[in-house]
Structures are given as C-alpha cells and as structure tokens.
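Here's a quick briefing to read alongside the model. Have a look at the structure first, then go through the notes below.

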Amino acid sequence: MRTVLMVAEKPSLAQSIAKILSKGSCTSRKGLNGACSVHEYNGNFQSQTVRFKMTSVCGHVMSLDFIGKYNNWDKVDPAELFSKAPTEKKEANPKLSMVKFLQVEARGCDYVVLWLDCDKEGENICFEVLDAIQPVMNKGIVREQSVFRAKFSSITDTDIWNAMNRLGEPNRNEALSVDARQELDLRIGCAFTRFQTKYFQGKYGNLDSSLISFGPCQTPTLGFCVERHDKIQSFKPETYWVLQAKVFKGKDTPLTLDWNRVRVFDREVGQMFVNLAKISKEAKVESVSKKEKVKQRPQALNTVEMLRVASSALGMGPQHTMQIAERLYTQGYISYPRTETTLYHENFDLKGTLKQQINNTIWAEEVKALLSTGINRPRKGNDAGDHPPITPMRSASEGELGYTTVIPWQGIPLEEALPACECGDTFTVEEIKLVEQQTSPPHYLTEAELITLMEKHGIGTDASIPVHINNICQRNYVTVENGRRLKPTNLGIVLVHGYYKIDAELVLPTIRSAVEKQLNLIAQGKANYQQVLQHTLEIFKRKFHYFVDSITSMDELMEVSFSPIAATGKPLSRCGKCHRFMKYIQAKPSRLHCSHCDETYSLPQNGAIKLYKELRCPLDDFELVLWTSGARGKSYPLCPYCFSHPPFRDMKKGMGCNECTHPTCQHSLNALGIGQCVECDSGILVLDPTSGPKWRMACNKCNVVVHFFEHAHKIQVAQESCDACDASLVAVDFNKTRTPLPDSETQHTGCVFCDPVFQDVVELKHATMRHSMHRGGGARRGGRGRGRGRRGNPKKPKDKMAALAAYFV
C-alpha cells in the first residue's frame with residue numbers, strides 16, 4: 001500500500017483537516033519533536049487505496065541568515081553584507097528539529113500533499129518542506145507526479161473536500177518572491193542597523209533603545225508618523241470668529257442656529273454681521289428641506305480593512321488582531337484572514353453562509369429577517385485573485401457580522417430632535433453674539449490612518465503591515481496613546497529628520513513601493529529573481545556608502561537631543577585598565593562606560609546591576625558586578641571585560657562567571673558548578689553565592705532554579721563528586737537552632753540529588769524572567785566544568801531527578 005504524506009502549516013490545522021478527510025476515523029500520535037502530531041487513516045488517492053499521514057510544521061521551517069562569522073558585529077564591516085557576506089538557510093526553530101521530524105515521517109512515502117496556507121509565504125514554506133523530505137521519499141515511477149498542492153480558503157467540509165479533489169502544484173515564482181524579500185530585508189536592514197547602532201550607542205548614553213534599527217518597510221512606516229508630528233509642530237493657530245444665534249418658539253427649548261457663512265477671519269467684519277442681525281427681534285423660516293442619510297453597503301472584508309476596523313472600533317493593535325484572526329481561522333470560525341480581495345464572486349453562496357448564523361443568540365432575528373426579505377449583495381470591490389473576502393464560516397456566541405444593527409459603531413448617529421416648523425413660521429431671537437475661536441492642529445496618526453497610508457503607498461503586504469507597526473513601537477520610535485494614536489518619540493523624530501537630511505529616499509515610501517512592484521512581478525513570473533535582487537541591492541549599497549559618509553548630518557541632530565555617553569550614568573565599578581570608576585548607563589541597552597579609556601562594555605539586559613563586594617577578576621582586574629532579575633529570579637556575577645571579550649576559546653560573548661571556565665577563580669563555573677541541569681541538556685546548575693540565607697543554585701542556560709538549605713550559615717561546593725551521578729558534593733553548615741538535619745546535626749556533606757539526608761530541603765522552581773538572561777551559549781561542560789578528562793559529563797540520575805522534579809512548583 002502506498003503512503004501519502006500531507007503537511008499543513010500549523011498543528012491545529014492538520015488536526016482539523018485530517019478529521020474532515022478521514023470522517024473522524026483517524027488515529028493520532030505525537031511526533032518526535034513533541035510539537036506536531038501525526039494523524040493516520042486509510043483512503044483513496046489517485047484511484048488507489050493508500051495510507052494517509054497528516055502532520056504539520058509550525059510556520060516557516062527555515063530562516064535566512066548570514067553564515068557564522070558575518071554575524072559578528074565587531075569583526076565585519078556592515079558594507080560587506082550587501083554582496084560579500086554569504087547567506088544560508090537555517091532551521092527557524094532548532095529546538096523543534098523540524099527537518100528531522102519531517103524526514104522521519106516522509107521516509108518511504110510515495111506522494112506529498114501540501115496544505116500550507118494559500119498565500120506567498122505558504123508557497124515558500126511548501127518548498128522548504130519539499131527540500132527537507134524529497135531526498136527520503138520513494139522515487140516512484142519516472143514522470144509520475146508525486147507533489148501536490150491543496151488550495152483552500154476555509155476549514156469547512158466543503159472547502160477541504162473541494163481542495164482535495166482539485167489538487168494542483170506549488171507555485172515556485174511566488175516562493176521566489178518571498179526569498180527575494182527575505183534576502184533584501186536581511187542585507188539592507190542588517191547593514192544600516194549595525195552601522196547606526198554601533199555609531200550612536202558608542203556616543204550617546206540616553207537613547208533608550210537597545211537597537212537603532214532600519215528596515216526598508218519599517219522606516220517609511222515611521223516616516224508617516226513623524227510627517228504628521230511635523231505638521232502638528234509647525235501648525236500656527238489662526239483666530240477666527242463665528243456668529244452664534246439662539247432662537248425659540250413658545251415653550252420649546254432654545255435652538256442654536258448654524259451660520260451659513262461658517263466663519264470670518266476679520267473681527268470687524270464679524271461684528272458688522274452681529275450688528276445687522278441684532279436689528280431683527282424675530283427669525284422667519286424661509287424654506288424647509290429634509291435630507292435622509294443613507295449608509296452605503298460595505299465592501300466585503302479584506303485584511304487591511306479588518307486591521308483598520310479592529311484598531312479604530314475595538315482598540316486592538318494590528319499584531320493582536322492578526323493573532324486573533326488566525327486563531328478564529330484555524331478553529332473554523334472565519335475564512336482565511338490574509339486576503340486583498342474585496343469582491344464576492346457571483347456564484348458565492350451568501351445565503352448558505354448566512355444560514356450558519358440562524359441560531360445565533362444575539363442576531364438570530366436579524367438573520368431570519370434577511371433570509372425572508374432577501375439579501376442585498378455587498379458593494380462591488382476588487383478581485384486580487386487570491387482568497388475570497390474574510391467570511392464567517394460558523395456561528396459563534398460573540399463576534400461581529402451583519403450590518404449596522406449588530407455593528408452599532410458604524411451606524412448613523414441620531415440627529416438632535418428639531419422642533420416642527422413650516423415655511424413662514426417665526427422664532428423669537430434670544431441671543432446673537434460673536435464667538436472667538438482658533439483653528440486647531442491635526443491629531444497624531446491613528447493606527448487605522450497609518451494602515452491606510454501604508455496600503456496606499458505599497459509599504460508592506462497585508463501580512464507584514466502589523467509587523468512593521470509593531471516594530472516601530474518595540475524599538476521605542478513611537479508610543480501608542482489614547483485612541484490608538486501613534487506619537488513619535490524623540491529618537492524616532494531625530495532618525496527620520498536625519499534620513500531626510502542625508503537621503504530622503506531612505507524614509508520616503510517611493511523606493512520601497514517600487515521594490516514591492518518588482519517582487520510582485522517575480523511572483524507573476526514576469527521578472528527574473530536574480531536580476532531584481534542584484535539591482536535592488538546595488539541601489540541600496542550605494543545609498544549605504546553615501547549614508548556612512550554623511551552620518552555627521554544625522555549626528556548633529558543627535559547632539560541636540562541626547563547626552564554624550566561620558567555625561568550619562570552613575571559611577572559603579574572600577575575599570576581594570578585605568579582603575580577609575582566606570583559609569584553605569586541604565587537606559588537601554590544598559591552598559592558600563594569608562595570615560596578615561598573611552599571604552600564601553602556590554603551588560604546582560606532586563607535586570608538590575610550592582611557592585612559585587614568590590615571583588616576583582618583575576619584575569620583583567622576589572623571589578624565584578626552582580627546581575628539579578630529580581631527576588632524570584634536568578635543572579636550571577638560577571639566581569640564587564642570578560643562579558644564583552646571572552647577569555648577562553650570555549651566561551652562566547654555574553655557569558656558571566658557562572659559560565660566561565662577559569663580553572664582556579666573562586667567565582668567561576670569550576671568553583672561553583674554542582675551538576676547538570678535537571679531540565680535542559682546543556683546547562684549546569686551553579687551555586688548562587690549571594691543568595692543566603694535562602695540559598696539556591698540556578699541553571700546557567702535556562703530558567704531553572706533549585707532552592708535548598710534555607711537558614712544555613714555557609715554552603716561550599718566540595719572538590720569531591722557523587723559516585724552515583726558525578727555531581728559535585730555540597731558542604732552545608734546549618735544554624736544549630738534551625739537545622740533540618742537529623743539528630744540536631746549542623747554540618748553535612750553530600751550530593752544534592754542523591755543524598756537522602758538532603759531530600760526534604762531541596763525544591764525546584766522556575767525563575768521569573770522576562771527574557772533570556774544573556775545572548776551567548778556554550779558547550780556542555782564536565783561536572784562543574786573543571787576537568788572533563790578526569791571526570792567526563794555528569795550523568796542525570798533518573799530516579800533522583802524524578803524525586804527532585806516532584807518538588808516542582
């Protein structure tokens with residue numbers, strides 16, 4: 001029996017599709033990576049009985065990056081990134097082992113059906129999957145088609161079966177357009193970002209941004225926000241006058257009349273009109289006209305309009321909106337949420353879609369009324385040739401559908417009730433006055449307005465627009481104010497003004513819009529992938545060199561807005577070179593700066609830094625500092641110089657003393673390491689010497705924390721190791737009045753994991769951490785890292801680890 005492997009984009013999607021195609025009769029099991037399941041059943045395919053295996057990836061299998069040495073900011077000139085730096089595809093999430101998982105499941109399979117999302121990114125993932133599995137699949141008969149592509153827009157029985165019965169092939173041109181965009185964004189973004197970040201963070205201490213990033217789409221997005229800011233700042237209010245009249249009839253409430261002329265900018269002219277109007281004591285109705293306001297039928301919903309409505313009406317950011325929409329799609333509530341189309345085809349079953357909502361508790365009556373009176377089709381829109389508009393596929397207890405009765409924010413507000421009047425009626429004039437007012441500046445852009453500008457100028461795609469907006473928020477270039485208005489920060493304003501001074505095309509939408517058109521031509525098979533790539537890179541390479549040569553123009557703006565690094569921060573620890581105090585700069589990215597040596601040293605982020613007992617590193621004489629993520633987190637000492645300049649070959653940049661392999665230093669892994677982490681494969685549990693009297697050891701890789709020996713006077717890591725698990729023994733000296741040891745003993749040396757005496761005084765927890773504690777990684781070290789030749793890697797004692805895990809909180 002032949003085997004068909006089917007691959008969807010997400011695990012939940014695979015489960016839903018398998019359930020539909022197998023009619024609920026599939027068996028399921030977990031894949032080797034633990035994240036993806038495999039659903040199996042027998043069925044018919046290509047006029048034969050086959051075994052189906054349905055599984056998934058988790059988004060992109062691969063990501064594009066530079067090869068090893070070109071990721072080192074200190075050793076590579078950013079200009080090399082445009083052409084000299086080779087790129088390679090790496091696993092997007094190495095922990096998932098997605099390539100290995102796909103190959104295990106594809107081995108011996110005869111056919112593959114790709115159920116990836118039906119957009120350009122989905123086509124790109126198709127070929128990532130094929131690159132992984134085709135080498136291990138059965139070759140089959142010569143010229144026999146073995147690769148199939150399913151096209152679908154919703155997770156309904158009808159749509160899924162239609163897709164299965166009309167299989168096509170993946171579109172390589174669309175996949176290539178994504179490859180081109182990825183490479184352009186990587187090379188251009190990294191080159192500008194690295195240069196800007198190093199240049200400005202080396203000069204200014206209060207930029208308050210860990211990355212001074214540039215993006216071909218991100219920067220024009222910021223430019224729109226700053227352009228509106230500039231209009232607000234340059235706005236000069238102008239005084240004008242309005243004639244205001246109040247009239248009444250009988251006992252009716254006074255009515256304020258609008259002036260037909262609206263306003264005048266000359267006070268004397270306005271006063272003349274007041275004087276003329278005051279002559280009359282009565283106001284006569286000369287004519288009556290009535291006007292009915294009608295709300296135009298909406299166009300069918302596409303992605304950009306969904307983002308606009310969610311931001312303006314629901315107060316949801318674009319990134320959050322897309323996350324919710326994707327979840328609703330995979331659960332079968334709506335059709336595919338990434339579409340540019342706003343037109344329903346003539347044969348689209350609007351009535352059948354509406355019938356899905358007939359039992360909804362909120363709008364069932366409106367649905368019944370629509371079905372009985374007939375449906376007005378939505379306004380004609382644009383057919384982009386991708387997916388149908390976003391459509392509800394099944395009823396939900398809460399949601400937005402149907403028109404102003406159930407979407408009240410789009411309804412026409414009720415006008416103020418006017419008194420009945422006929423032609424010739426008279427009203428008594430109560431008051432006529434001249435009111436002074438001023439013209440007001442525009443508001444900051446709302447997210448909805450920004451999305452409209454991005455769509456109009458071709459900045460980003462329906463899928464990437466939320467990412468670009470989210471990026472300028474995360475980079476501290478804009479802040480989201482009330483009403484989801486985007487207010488540029490000082491840093492965002494200075495960057496955009498600097499781009500305008502040097503090369504306005506870096507921030508204007510024109511050049512990126514032109515690039516997007518070229519990428520679309522690749523997707524349509526009308527432009528050559530390599531030619532578009534090389535031509536665009538050559539343009540930006542020239543712009544980059546001009547930008548570097550002209551950076552002083554932007555720097556002049558920076559000097560006005562930000563403080564020099566030497567004038568920022570507070571004294572903290574002594575430099576090992578000049579022995580003067582270095583200043584601790586808390587603004588992101590936090591770092592230490594020696595103004596005498598004019599050197600800056602990196603620090604771990606997202607935590608607090610303080611001096612560590614005035615102790616010094618034996619290698620370079622720098623005073624150690626202590627990084628901590630808080631009372632519930634973890635802490636470790638580090639040498640500022642070693643952190644930026646690893647002293648040993650097996651260390652990477654960004655490692656503290658808890659990963660240092662110095663053979664004799666009292667702060668190193670060799671002196672304080674106890675044993676292999678109970679959860680991750682590469683980490684070592686290291687004693688935190690500052691944690692007493694609530695002692696703990698923490699993994700130097702993951703966020704595992706082991707609390708032990710509370711109220712002990714002293715804890716030392718012994719030279720001896722455990723015979724059972726090879727972990728280092730620990731010598732504990734307890735307070736005699738609070739000792740947990742039997743027979744009131746105060747001192748004991750044993751293995752934290754294996755010694756039964758210590759069993760009740762050890763508990764495992766997870767540290768509270770916002771982000772990973774450092775950037776670096778490291779090879780697994782033997783024992784505590786001191787002498788792999790003598791000791792070898794520590795073993796995880798399975799039963800003892802299980803016992804320890806029982807204390808997990």
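Predicted model: local features only at pLDDT ≥ 70, side-chain atom pairs only at ≥ 80, totals over all residues.

Residues are numbered from 1 along each chain as its sequence is written, and side-chain values use heavy atoms, with hydrogens and water left out.

**The sheet**
- Four strands make an open, antiparallel sheet in the order β10-β9-β12-β11 (strands are DSSP runs of E, at least two residues, and helices are H or I, at least four, numbered from the N terminus; pairing takes at least two DSSP bridges).
- β10 (255-257) and β11 (282-284) sit at the edges with a single partner strand each, so one side of each has no neighbour in the sheet.
- From one strand to the next, the twist averages 45° (axes are lines fitted to C-alpha atoms, for helices over the stretch in contact, and angles between N-to-C directions run from 0 to 180 degrees).
- β9 (residues 239-248) and β12 (residues 426-438) run antiparallel, joined by 10 bridges.
- Val242 is opposite Val435 in β12.
- Helix α7 (residues 267-278) packs on the sheet and touches β9 and β12, with its direction at about 170° to that of β12 (contact means heavy atoms within 4.5 Å).

**Helix α9**
- Pro318, Thr321, Met322, Ala325, Tyr329 and Thr330 are buried in α9 (under 20% relative accessible area, 1.4 Å probe, protein chains only).
- The buried residues of α9 pack against α1 (11-21), α8 (303-314), α12 (447-457) and α13 (465-474).
- After α9 comes Gly332, with a positive phi near 85°.

Definitions and conventions: Buried < 20%, exposed > 50% of the residue type's maximum accessible area, 1.4 Å probe, protein only.
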